[in-house]
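Visitor: Could you show me how to read salt bridges and burial in a protein model? I am new to this.

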Amino acid sequence: MSEKEGGSGGGSPQASAVTVSDVQELIRRRKEEIEAQIKANYGVLESLKGVGMNEPLVDCEGYPRSDVDLYQVRTARHNIVCLQNDHKAVMKQVEEALHQLHARDKEKQARDMAEAQEEAMSRSLSQSEGLSLPQAFAKVNSISPRSPASIAGLQVDDEIVEFGSVNTQNFQSLQNIGTVVQHSEGKPLNVTVIRRGEKHRLRLVPTR
């Protein structure tokens with residue numbers, strides 16, 4: 001038989017996950033970078049006599065224009081087309097990433113709610129059990145065959161909450177139980193134990 005001991009457990013902090021705001025900030029920077037490059041290439045076209053994306057690069061006779069740098073125009077136009085495609089791809093990534101993050105957050109909220117409900121039910125059950133079951137002060141570690149404890153029906157792992165006149169309020173050490181046994185030889189003692197969450201009342205008759 002041993003005295004009951006209390007214990008405490010610890011937890012480890014969880015690593016923080018990427019949030020919707022984090023993704024939005026990263027994509028916003030990439031989007032602004034692409035838009036700045038598009039603007040710069042449009043600036044190149046504007047500096048070349050206002051040549052845009054669709055103005056012809058040949059004169060009325062079908063010859064290449066000599067008043068603008070055709071290589072610069074073609075390069076700027078090509079860059080703008082590529083950057084616009086990149087911009088569309090980024091916006092699609094934004095939509096997909098936000099959709100995944102919202103779905104993840106929704107799942108997390110549902111999981112957190114379920115865990116909170118389970119914890120509340122467990123706490124309520126523990127409080128209910130705590131009200132109906134007294135605190136044990138000793139635990140049965142072993143039972144000798146044909147001993148008074150065995151005859152009374154005590155089992156290993158039974159938690160003792162009452163042993164004769166000894167209870168949770170006046171228990172100090174296992175010597176209290178020994179004293180009760182010594183002064184109660186041949187007399188039945190009321191013993192109350194908690195076994196697998198249920199209270200059991202037994203009658204034990206100490207003998208020499």
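**Reading salt bridges and burial**

Guide: Welcome! Asp105 counts as partly exposed, at 24% relative accessibility (buried means under 20% relative accessible area, exposed over 50%, partly exposed in between, with a 1.4 Å probe and protein chains only). This is a predicted model, where local features need pLDDT of at least 70 and side-chain atom pairs count only at pLDDT 80 or more, while totals for chains, interfaces and linings use all residues. Residues are numbered from 1 along each chain as its sequence is written, and side-chain values use heavy atoms, leaving out hydrogens and water.

Visitor: Which side chain does Asp105 meet in a salt bridge?

Guide: A salt bridge is a side-chain nitrogen of Lys or Arg within 4 Å of a carboxyl oxygen of Asp or Glu. Asp105 meets Arg104 in this way, at 3.7 Å from N to O. Arg104 is partly exposed, with a relative accessible area of 33%.

Visitor: How many salt bridges does the structure hold?

Guide: There are 11. One of them joins Asp112 and Lys108, with the closest N and O atoms 2.8 Å apart. Both lie in helix H2 (residues 70-132), four residues apart, about one turn of the helix. Helices (H or I, at least four residues) and strands (E, at least two) are DSSP runs, numbered from the N terminus.

Visitor: Is Asp158 buried or exposed?

Guide: Asp158 is buried, at 1% relative accessibility. The side chain of Asp158 forms a salt bridge with Arg195 (2.7 Å, N to O). This pair links distant parts of the chain: Asp158 is in the loop between H3 and E3, and Arg195 is in strand E5, 37 residues apart. Arg195 is buried as well, with a relative accessible area of 11%.
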